[in-house]
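Hi everyone, thanks for coming.

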Amino acid sequence: MREPTLLGRILREGRRQFAILFALSFLANILLLVSSIYMLQVFDRVLSSGSLDTLIWLSVVALLAIMTYGFLEFARRKILMRTGAWIAAELSPEVIRRSIAARLGSGRSPAGLGDVRDVRSFVSGEAIIAFFDAPWSPIFIAIIWLMHPVLGVIAIFGAVALFSIGVLNDAITRKSQAEAAAKLRQVQSDADAFVAGAEVLEGMGMIASATSRWSAQHDAAEREGTNAAEVSSILFNLSRALRLGLQICILGAGAALVLQAELTAGGMIAASIILARALSPVERAISAWKGFGSYRLARRRLETLFGVTNNLVERVSLPKPKGKLTVKGLQYFAPETRAPLIKSVSFQLAPGEICGVLGPSGGGKSSLCRLIVGAWKPSFGEVRLDGADLNEWDSAERGRYVGYLPQHAELFSGSVSENIARLGDLDDGAVLKAAQKAGAHEMILSLPEGYETQLGQYRDQLSGGQKQRIGLARALYNDPSFLVLDEPNSNLDGNGEIALQHALAAMKKSGQTVLIVTHVPHLLRAVDKVMVIQDGAMKKFGGRDEVMRELMAKSRTESSPAKAAE
């Protein structure tokens with residue numbers, strides 16, 4: 001038997017409440033017979049006997065039973081709401097973690113927090129209550145049958161007809177609802193991308209064309225979803241009309257039986273009330289079918305996500321590395337296109353060495369950086385830090401010893417100090433030390449609230465250079481043994497360039513191993529080795545002076561024929 005995934009275990013834990021809910025549903029549905037019994041007693045005993053005391057006591061008992069029903073109904077809904085909240089609380093962090101892992105591994109995530117919301121909405125909503133009530137419908141129909149077989153036949157016909165409408169609703173709308181939901185998710189993603197790229201759209205006059213294109217796609221998705229909703233609405237209204245018609249039929253049949261002295265007047269009214277209760281769960285299930293469909297799709301996507309990502313594994317805690325980096329036979333293929341981004345890279349850096357990486361744009365430098373810090377997993381080959389494969393390190397533990405500054409320094413909601421501290425526990429001394437080492441201290445103090453400036457509100461007002469310097473401070477936080485800086489000077493002004501040179505000198509002095517991607521020659525003064533990456537392959541690697549002499553000699557050789565041709 002296959003071991004259930006973490007998703008399966010969480011949902012199974014939530015289903016443990018179902019036994020209690022089943023018992024509460026049984027009691028609640030039994031108590032719903034009170035109104036029928038009350039009507040039966042009033043018509044058949046109280047009115048015939050004229051006993052006021054009997055009427056009073058019947059009313060008191062009926063009211064107490066209805067109050068008890070109200071309490072049980074409240075308990076059912078509260079248990080479901082808390083179960084849904086618990087499932088969401090357990091799943092959400094894990095879904096975020098796995099979505100990040102899936103995004104890094106395959107380029108996209110099959111599920112997200114929206115799917116968790118759909119699962120919670122179903123567990124806490126009306127559909128599941130209707131499903132809990134549905135098993136008691138046969139009992140109500142059996143009671144109607146015992147009152148008279150003719151009434152029982154009408155009730156059975158009604159239940160079968162409503163159930164058939166529900167099955168028809170699922171068969172007709174399932175595929176179209178799934179496709180509409182997928183398209184709506186895509187257009188929502190497109191809208192978020194437009195907002196993120198607001199400057200480009202405004203600067204190049206693309207807003208009108210972008211919104212027009214988005215509206216066309218959104219309208220197409222909405223039409224598909226609306227068509228499915230309209231079909232569902234037609235079937236729901238049909239089921240409601242059918243139920244009302246059945247109540248008239250059972251009242252008419254009951255009245256005929258009363259005239260033939262085969263049923264009492266109280267039995268006629270009671271049968272009508274019980275029929276409404278028997279058919280109610282089926283009717284409510286039809287109206288809530290869309291929620292069930294969303295739950296089914298969400299669970300399928302979550303199962304895919306949990307199937308393609310790994311559970312957290314307890315690993316042996318390794319000591320802080322000295323910074324020895326070994327890269328051997330490294331290759332990486334794009335997850336979706338299988339295009340080779342890194343073809344063949346092998347090199348080694350001793351602790352405390354700084355290596356500059358050169359190469360044309362699109363040559364694979366940033367891809368190499370992502371592989372070396374463990375953001376991407378190699379297709380082939382290995383990256384080792386102090387002899388340990390990066391995959392052998394726990395991600396959080398490895399992160400304490402590795403600093404990474406990507407080309408575009410992404411900052412997150414929280415204060416400047418929290419971002420520098422990598423959203424972990426704040427160590428004010430370590431934050432200040434990292435900011436000063438990155439040459440960002442004075443710049444941070446100039447912000448509206450200094451280190452307490454909330455980047456969630458102020459992030460868009462920071463320049464690219466300011467973000468980059470805060471990102472460099474984050475990379476330097478807690479003095480990691482190994483740092484990867486991907487074009488750290490791309491957005492820096494003169495002061496930023498000077499601060500970066502001082503930071504590199506400080507890294508060299510403290511014995512930190514650094515890999516720095518740059519196009520700026522004067523930054524190479526601080527490096528020990530130089531690597532040249534082109535078309536995803538390492539073309540040169542060696543001492544700085546040796547590699548630079550080869551590059552300059554090659555440049556002179558290539559320029560000489562061009563001058564001769566002139």
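I'll talk about confidence, then a cavity, then some aromatic rings.

First, please keep in mind that this is a predicted model. Across the chain the pLDDT averages 82, and 93% of the residues score at least 70.

Now, let's go inside. How many cavities of 30 Å³ or more does the structure hold? There is one, and the volume of the largest cavity is about 40 Å³. Which residues line it? If you'd like to find them on the screen, look for Leu405, Ala438, Gln468, Arg469, Leu472, Pro488, Leu492, Gly496, Ala499 and Leu500. Two helices, α19 (464–476) and α20 (494–509), each contribute at least two residues to this lining.

Let's move on to the rings. The structure holds eight aromatic pairs, and I'll show you two of them.

Phe26 and Trp136 make a tilted pair, with 5.1 Å centre to centre and 55° between the planes. This pair links distant parts of the chain: Phe26 sits in helix α2 (residues 18–31), Trp136 sits in the loop between α6 (126–133) and α7 (137–147), and the two are 110 residues apart. Are these two partners buried or exposed? Phe26 counts as partly exposed because its relative accessibility is 36%, whereas Trp136 is buried, with a relative accessible area of 10%.

The other pair is Tyr332 with Trp376, and here the rings are stacked: 4.6 Å centre to centre, with 20° between the planes. Tyr332 lies in strand β1 (residues 325–333) and Trp376 in the loop between α13 (365–372) and β4 (380–385), so this pair ties together parts that are 44 residues apart in sequence. Tyr332 is buried, at 4% relative accessible area, and Trp376 is buried as well, at 15%.

One last stop: let's go back to Phe26 and Trp136. Together with Phe22, they are linked by ring pairs into a cluster.

That's my tour, and I'm happy to take questions.

Conventions. Residues numbered from 1 in each chain as written. Predicted model: local features only at pLDDT ≥ 70, side-chain atom pairs only at ≥ 80, totals over all residues. Heavy atoms only, no water. pLDDT = per-residue confidence, 0-100. 1 Å grid on protein atoms, 1.4 Å probe; cavity = no way out; pocket = protein on both sides within 12 Å on 5 of 7 lines; lining within 4 Å. Points joined across faces, edges and corners; volume = space filled by probe spheres on them. Helix = DSSP H or I, 4+ residues; strand = E, 2+ residues; numbered from the N terminus. Phe/Tyr/Trp six-rings, centres within 6.5 Å; stacked < 30°, edge-to-face > 60°. Buried < 20%, exposed > 50% of the residue type's maximum accessible area, 1.4 Å probe, protein only.
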